[in-house]
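Subject: Structure handover

Hi,

Here is the structure I promised to pass on to you. Please have a look at it first, and then read my notes below.

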Amino acid sequence: MIPILGLAVGVVLGLLLDPSVPLWLQPYLPIAVVAALDAVFGGIRARFDGIFDAKVFVVSFVSNVVVAALIVFLGDQLGVGAQLSTAVVVVLGIRIFGNAAAIRRHLFRA
Amino acid sequence: MSAPPGRQRSLGASLLDQVLAETLDPAYAQAAAARAARAADLRPDPDPDRGAAPGRPPWLRRHRGQLLVALTLLIAGLLASITYSEAAAGAEGREQARQALREDIRTESDNADELVVQLEELTAEVTSTRQRALEASSVGQRALDELAAAEQGAATVAVSGPGLRVTMDNAPPEADSDPVGGSAEVAEPGIVQDNDLRRLVNGLWAAGAEAISLNGQRIGATTTIRQAGGAILVDLRPVAAPYVLSAVGDPQGLQNAFLTTPEARDLGQLTPDYGVVFEVGRADDLELPAATAAELRHAAPLAATAPARGSGTTPGAVPDTPDPTSDGD
């Protein structure tokens, strides 16, 4: 319950405060969100599988976000930023889909 | 679907296999296995799943984990909402820029319309002033007559009368083409080209047309008809299909003469070959606007061609158009 509350508070805070993001950071936000989504779905699935671990979740979340942003940053420096963004989105998207499917099986037994 | 606990990534497995099969972070399974092992090794814990560390009450550990997760999710929510508002702001900014550009286009085209009206007024003023200045003398009178003939030839006066109306249009789309799918595209050969229109205009001139206009744009002696990309430009102004040419002249004679020109024969062949629409018809009342006058480059005082014969005009000082850049003054 508390984690869901945290998510809601975060969303509301972000919308209300509308903090300005430095320009250099803006290209990495969408990728970071996709990475965060992957970590969150992974956490939910682990919880359904009964093997959830707070430490693993936090570490995977932080490292996911940072690594995804870093990969895109590196790609930008090398001139393949768009392609690497696509690669990250594809890989994370597949994982999100797989985890969502597992969650669905747990929820609906189908 | 879940990865077996402690499964190691096989080096031989392809990258895609790994991505597809291992959707859950293996660290969860490893942590669970480690916890289970610890619970089995140590003492029988009343709550083995929690894996409480010695010396710490289990509720604190549980709450710490939950708070940590809550904090992480708070950051996730913050990240998502910030990204959302950034994207929304970007879209809004683009919309604003587009709006501003639309506004600019509207303002400038209003401006251009206004200038056109102003130009017409000034041209009329120039014409009447010239008329007044030249009417007074016989030299001026003769100059006026010459000017009228020249203007007629240069198509800078509006003309109306009976004549021919020739219509050319792109071939209609194929009967089995799908208009819903958005590709009511006409096949390339069925599209009227600029040289078709040029041949048509030349044929009409050859047949004795006195004045020609294309889609309401007067064709003068120096008017160009050419293609730029997909658009056909008449004196740099685009015209769109269907192309309606109005030619003033004796309808019967013009029609007979035109239909025997090689141009008309060639263009008529386009209909059976490519489906291009080509229709010739007589019209009783054609209204042709004036073409824009060519830029004045050369002018000479009237006195140079015909000596002034007194009678009140300023001798030799009446240029045939009051243009400040003319070298005749």
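**The sheet in chain B**

Val166(B) has Val280(B), in strand 8 of chain B, as its bridge partner. Please bear in mind as you read that this is a predicted model.

Next along, Thr167(B) is found opposite Glu279(B), again in strand 8 of chain B. Strand 1 of chain B, residues 159-169, runs antiparallel to strand 8 of chain B, and ten bridges join the two. Strand 1 of chain B also pairs with strand 7 of chain B, in the antiparallel sense and over six bridges. There, Gly163(B) has Val248(B) of strand 7 as its bridge partner.

**Chain B overall**

Chain B has eight helices and eight strands. It has 329 residues, of which 21% count as buried. If you take the contacts in chain B between residues at least 6 apart in sequence, 70% of them join residues at least 24 apart.

Gly140(B) sits in helix 4 of chain B, which spans residues 138-154. Is Gly140(B) buried or exposed? Gly140(B) counts as buried because 22 other C-beta atoms lie within 10 Å, and the cut-off for buried is 20 or more. Between Gly140(B) and Arg130(B) there are 9.4 Å in space, C-alpha to C-alpha, and the two are ten residues apart in sequence.

**The cores**

The largest nonpolar core has 39 residues, and those with the most contacts inside it are Ala32(A), Ala35(A), Ala36(A) and Tyr28(B). Which elements each supply at least two residues of this core? From chain A they are helix 1 (2-17), helix 2 (29-49), helix 3 (54-78) and helix 4 (81-108), and from chain B they are helix 2 (26-41) and helix 3 (58-135). Helix 2 of chain A provides the largest share of this core, eleven residues.

Another core, of 31 residues, lies apart from that one, and includes Val166(B), Ile212(B), Leu254(B) and Leu267(B). Val166(B) is the residue I began with, the bridge partner of Val280(B).

To return to Ala36(A): leaving aside residues up to four places away in sequence, Ala36(A) touches Phe61(A), Asn64(A) and Val65(A) in chain A, and Ala76(B) and Leu79(B) in chain B.

**Where the chains meet**

The contact between the chains takes 41 residues from chain A and 33 residues from chain B. On the side of chain A that touches chain B, the elements giving two or more residues are helix 1, helix 2, helix 3 and helix 4 of chain A. Helix 1 of chain A gives the most to that side, with twelve residues. Sorted by class, the side of chain A that touches chain B has 28 nonpolar, eight polar and five charged residues.

Best wishes

Definitions and conventions
Residues are numbered from 1 along each chain as its sequence is written. Chains are lettered from A and ligands numbered from 1 in the order in which they are written. This is a predicted model: local features need pLDDT of at least 70, side-chain atom pairs count only at pLDDT 80 or more; totals for chains, interfaces and linings use all residues. A nonpolar core is a set of buried Ala, Val, Leu, Ile, Met, Phe, Trp, Tyr and Cys residues joined through C-beta atoms within 7 Å. A residue is buried if 20 or more other C-beta atoms lie within 10 Å of its own, exposed if 12 or fewer, and partly exposed in between; C-beta atoms are placed from the backbone. Helices (H or I, at least four residues) and strands (E, at least two) are DSSP runs, numbered from the N terminus. Two residues are in contact if their C-beta atoms, placed from the backbone, lie within 7 Å. Two strands pair if DSSP finds at least two bridges between them. Ala, Val, Leu, Ile, Met, Phe, Trp, Tyr, Cys and Pro count as nonpolar, Asp, Glu, Lys and Arg as charged, and the others, Gly among them, as polar.
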